[in-house]
Amino acid sequence: MKIIFHERFYEVYTTDPAAASGRMEAITEVLGKDFQWVTPSPARDEDLTLVHTAAHVERVKRDRDVYEVGILSAGGAILAAQTAYDGEPAFGLIRPPGHHASPDSCWGFCYFNNVAVALRKLMKEGKIKKALILDFDLHFGDGTENAFMGNSRVDYFHPEETSNKDFIRKIEGHLERAGSFDILAVSAGFDRHAQDWGGLLETEDYRAIGSMVKTFSQKICQGRRFGVLEGGYNHDVLGYNVRAFVEGMA
Ligand SMILES: [Zn+2]
């Protein structure tokens, strides 16, 4: 299990909660040395424009700090996807998040759609044709949906339920009925935790979801699975939630 991380993700590049001081430290301290850490290269403009318009990329470039950390974040997702394709599960411990970034616009603390760029790159290289994206963040990933609008080869699934048990059952049911895919990507947002904004999931629920991701990917797509960080804002619990998910998925 590889953790993709870059020192620059510690930078406070804006004033939003995803960029808050101490957020990444809360995760790296809990993950510790128990995993293999890998440093990504920045995504190139030609990677970004697999999803985004050139005009969108140029707009983000106007804020140099955001752009520089943003291309490392997208590069982290690319490396996580490539690692998964090569046969080892990976988690992109990255920020800024990406699932609210559409082809020509962005909001919600997102700039480039990390998971969409990573999948589009594997598709362009002819490595995969079909992908399943599980997004368990509290918020709907409108950017990811827009990035794959009208593309029947990508299934974007964002579960909604009012109890944690039903939430997990809903994911399980979707995975069981999902059909065949070449890779399973997870937009892993932890803001649905009981002590975060969503107030629903327990830490052990993330382990259960990670474990389902592993089992399903082994059944359907030769174990090819990766996750990337989206939301999650309570620094007291975030690291433990990420760790539970990553251990479940490993
Ligand atoms: Zn969120």
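Predicted model: local features only at pLDDT ≥ 70, side-chain atom pairs only at ≥ 80, totals over all residues.
Q: Good to know. Is α1 itself mostly covered or mostly open?
A: Mostly covered: α1 spans residues 23-31, and seven of its nine residues are buried. Buried means under 20% relative accessible area, exposed means over 50%, and partly exposed is in between (1.4 Å probe, protein chains only). The buried ones are R23, M24, A26, I27, T28, V30 and L31.

Q: Switching topics: which residues coordinate the zinc ion?
A: D137 (OD), H139 (ND1) and D191 (OD), at 2.0 to 2.1 Å. Donors are N, O and S atoms within 2.8 Å of the metal (3.2 Å for Na, K and Ca), and water is not among the atoms, so sites may look incomplete.

Q: How are those donor residues spaced in sequence?
A: The pattern is D-x1-H-x51-D. D137 sits in the loop between β6 (131-135) and α6 (142-147), and D191 in the loop between β8 (183-188) and α8 (203-220), so the pair ties together parts that are 54 residues apart in sequence.

Q: Are the two aspartates buried or exposed?
A: Both D137 and D191 are buried.

Q: There's another aspartate I was looking at, D47. Where is it, and what does it touch?
A: D47 is in helix α2 (residues 45-48). With a relative accessible area of 3%, D47 is buried. Not counting residues up to four places away in sequence, D47 touches I78, V117 and K121.

Q: What about A81?
A: A81 belongs to helix α4 (residues 64-85), and at a relative accessible area of 0% A81 is buried. Leaving out residues up to four places away in sequence, A81 touches A118, L122, I183 and F226. A81 and A185 are 104 residues apart in sequence, and their C-alpha atoms are 7.8 Å apart in space.

Q: Back to the backbone: which peptide bond is cis?
A: The bond from R95 to P96, with omega near 5 degrees. P96 is in the loop between β3 (90-92) and β4 (101-102).

Q: And which residues other than glycine have a positive phi?
A: F109, near 70 degrees, and Q222, near 55 degrees. As background, most residues other than glycine have a negative phi, and most peptide bonds are trans. F109 is in the loop between β5 (105-106) and α5 (114-124) and is partly exposed, at 25% relative accessibility. Q222 is in the loop between α8 and β9 and is exposed, at 65%.

Q: Last one, the overall picture: how many helices and strands are there?
A: Nine helices and nine strands. The radius of gyration is 16 Å, close to the 18 Å that the globule rule gives for 250 residues, so the protein is as compact as a globular protein of that length. That radius is taken over C-alpha atoms, and the rule is 2.2 Å times the number of residues to the power 0.38. Buried residues make up 59% of the 250. Of the contacts with a separation of 6 or more, 76% are between residues 24 or more positions apart.

Conventions:
Residues numbered from 1 in each chain as written. Heavy atoms only, no water. Helix = DSSP H or I, 4+ residues; strand = E, 2+ residues; numbered from the N terminus. Contact = heavy atoms within 4.5 Å.
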